[in-house]
Amino acid sequence: MEMEGEKTEDEGFFFHEVSFVDRDGRLRTSRVPVVQELDRRGITQLPQRFVQLKPGDSVGPTQCCTGSETLQTIDLSMVRDGSAEELAKLAEAAKQQGMFLIKGHGVDSSVLDEVEAVVKGFFGLSFEEKKSSVGSYGSADNMGYGRNFVKSEDQPLDWIDRLAIKALPKGATDGLNVWPHKPANFRRAMETYVDQSRNVLDQVLVSLAESFSLDKHAFLHQFDPQGSEMNVRVNYYPPCPRPDLALGITPHTDASALTLLTQISHGTHGLQVFRGLDHDLDSRSGWRTVVWPSGALLVIVGDLFEIISDGRGESPWHRVVTQADAERMSIALFYNPAPESEISPVKGGSGTYRKVVAGEYRMHLYGISPTKKKEAILHAKKA
Ligand SMILES: O=C(O)CCC(=O)C(=O)O
Ligand SMILES: [Fe+2]
């Protein structure tokens with residue numbers, strides 16, 4: 001039997017070992033190429049397992065048919081000062097775009113610089129060093145250094161390697177060897193960023209409630225300060241030989257309540273949002289490249305927020321495209337109410353959502369993903 005990470009003669013590159021429960025309910029493991037190593041070897045052909053798009057699909061930010069999407073920028077310092085205009089922009093962005101940029105958020109630029117440096121440092125290591133720098137969660141719960149959501153041997157694969165860590169509640173990883181040891185200040189830098197980001201997201205939750213003319217704690221009170229979760233996912237997208245055929249992340253909505261994103265490789269593009277009348281996700285025309293100025297933080301409305309806001313905010317379909325000549329990294333912080341907590345839609349919205357247990361909803365979404373329609377959320381709609 002081959003060891004994880006061993007070079008095999010036939011293929012000569014490295015693998016992530018992934019566990020998944022197959023359609024018959026059996027726990028299986030599969031091996032998925034480490035895309036960073038494919039790039040390091042200088043491959044010029046895209047392996048078949050990564051083909052997701054039809055030839056000729058126009059996906060790239062530089063290609064003719066893809067439009068761009070300019071988002072609202074919300075100045076949180078103006079919101080704190082009670083600007084009604086800024087609150088109105090926020091309410092509209094949460095409903096119409098499902099994502100918005102924020103400034104005046106109070107995350108120190110030195111904290112962002114440091115987190116950027118440790119993340120670059122980690123992905124700059126050799127594959128063996130990365131493997132030995134991070135332990136694993138030892139189960140199929142999609143954490144650690146490796147891959148997202150591999151469910152079967154025949155599923156098209158995303159052009160990504162990622163590092164996923166539970167950062168909150170504090171102590172969630174006690175006894176588990178899951179924080180990278182290299183670079184040495186990785187954990188300290190990331191935890192500082194997570195702590196500051198939580199304050200920002202709490203403020204966004206308060207502001208969203210105010211923007212919908214609700215009690216200011218209507219959403220925040222569903223986030224138990226001790227039990228709510230912040231899951232970190234560092235996404236690494238190496239240059240890809242065929243950006244017209246591959247995707248960095250397949251179309252999805254985030255299961256989270258809110259996602260806070262920062263992208264690291266300035267000047268590169270990748271995030272796209274779907275704008276269409278119906279969710280015809282395979283159509284070329286609906287995908288727009290998000291205009292994302294360097295250094296800006298981006299908030300995405302997740303399914304759990306759509307539920308607790310009773311549809312006042314809507315989680316958008318988004319995906320990531322790859323680039324031929326540049327790598328890109330992003331850090332996603334997924335903020336969720338405590339998994340065991342029952343969360344209720346705040347009345348007066350669309351009236352179509354029902355109570356769900358936060359963790360059960362997320363497991364349900366992961367269980368059926370990827371989907372071509374917004375299917376998971378039907379689970380949270382009244383019959
Ligand atoms: O890399 C990005 O810009 C987006 C990442 C994303 O959508 C995710 O991690 O869920
Ligand atoms: Fe996402």
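This report walks through the ligand site, the cavities and a few backbone details of a predicted model.

## Who surrounds ligand 1

Let's start with the ligand and its neighbours. The shell around ligand 1 is made of 15 residues, and the closest are Arg233, Asn235, Tyr237, Arg328 and Ser330. Sorted by class, that shell holds 8 nonpolar, 4 polar and 3 charged residues.

Which elements give two or more residues to this shell? They are the strands β8 (229-237), β9 (249-252), β14 (318-320) and β15 (328-336). The biggest share comes from β15, which gives 4 residues to the shell around ligand 1.

## Polar contacts to the ligand

In Ser330, a side-chain N or O atom is 2.7 Å from a ligand oxygen. Arg233 places a polar side-chain atom 2.9 Å from an oxygen of ligand 1, and for Asn235 the corresponding distance is 3.0 Å.

How much of the accessible area of ligand 1 does the protein cover? On its own, ligand 1 has 300 Å² of accessible area, and the protein covers 100% of it.

## The cavity that holds it

Searching the whole structure turns up 3 cavities of 30 Å³ or more. The largest cavity has a volume of about 120 Å³, and this is where ligand 1 sits.

The lining of the largest cavity counts 17 residues. Nearest its centre are Asn235, Ile249, Leu261, His318 and Val320.

Which elements give two or more residues to the lining of the largest cavity? Here the list reads β8, β9, β10 (258-263), β14 and β15. Once again β15 gives the most, with 4 residues in the lining. By class, the lining has 9 nonpolar, 5 polar and 3 charged residues.

Now for the backbone. Most residues other than glycine have a negative phi, and most peptide bonds are trans. With that in mind, have a look at the loop between β7 (161-168) and α6 (186-211), where Pro169 is found. Leu168 and Pro169 are joined by a cis peptide bond, with omega at about 0°.

Pro183 has its place in the loop between β7 and α6 as well. The bond joining Lys182 to Pro183 is also a cis peptide bond, and its omega is about -15°.

One more backbone detail involves Ser213. What is the phi of Ser213 near? The value is near 55°, which is positive in a residue other than glycine. To locate Ser213, go to the loop between α6 and β8. From there you can follow the chain to β8, one of the strands that give two or more residues to the shell around ligand 1.

Technical notes: Residues are numbered from 1 along each chain as its sequence is written. Chains are lettered from A and ligands numbered from 1 in the order in which they are written. This is a predicted model: local features need pLDDT of at least 70, side-chain atom pairs count only at pLDDT 80 or more; totals for chains, interfaces and linings use all residues. Side-chain values use heavy atoms; hydrogens and water are left out. A residue is near a molecule or strand if one of its heavy atoms lies within 4 Å of it. A polar contact is a pair of N or O atoms within 3.5 Å; within protein, one must be able to donate a hydrogen and the other to accept it, and residues adjacent in sequence count only if both atoms are side-chain atoms. Accessible areas come from the Shrake-Rupley method with a 1.4 Å probe; for residues, only the protein chains shown count as cover. On a 1 Å grid over the protein atoms alone, a cavity is a set of points where a 1.4 Å probe fits but cannot get out, and a pocket is an open set with protein on both sides within 12 Å along at least five of seven lines; lining residues have an atom within 4 Å of a point. A molecule sits in a cavity or pocket if more than half of its atoms lie within 2 Å of its grid points. Ala, Val, Leu, Ile, Met, Phe, Trp, Tyr, Cys and Pro count as nonpolar, Asp, Glu, Lys and Arg as charged, and the others, Gly among them, as polar. Grid points are joined across faces, edges and corners, and a volume is the space filled by probe spheres set on the points.
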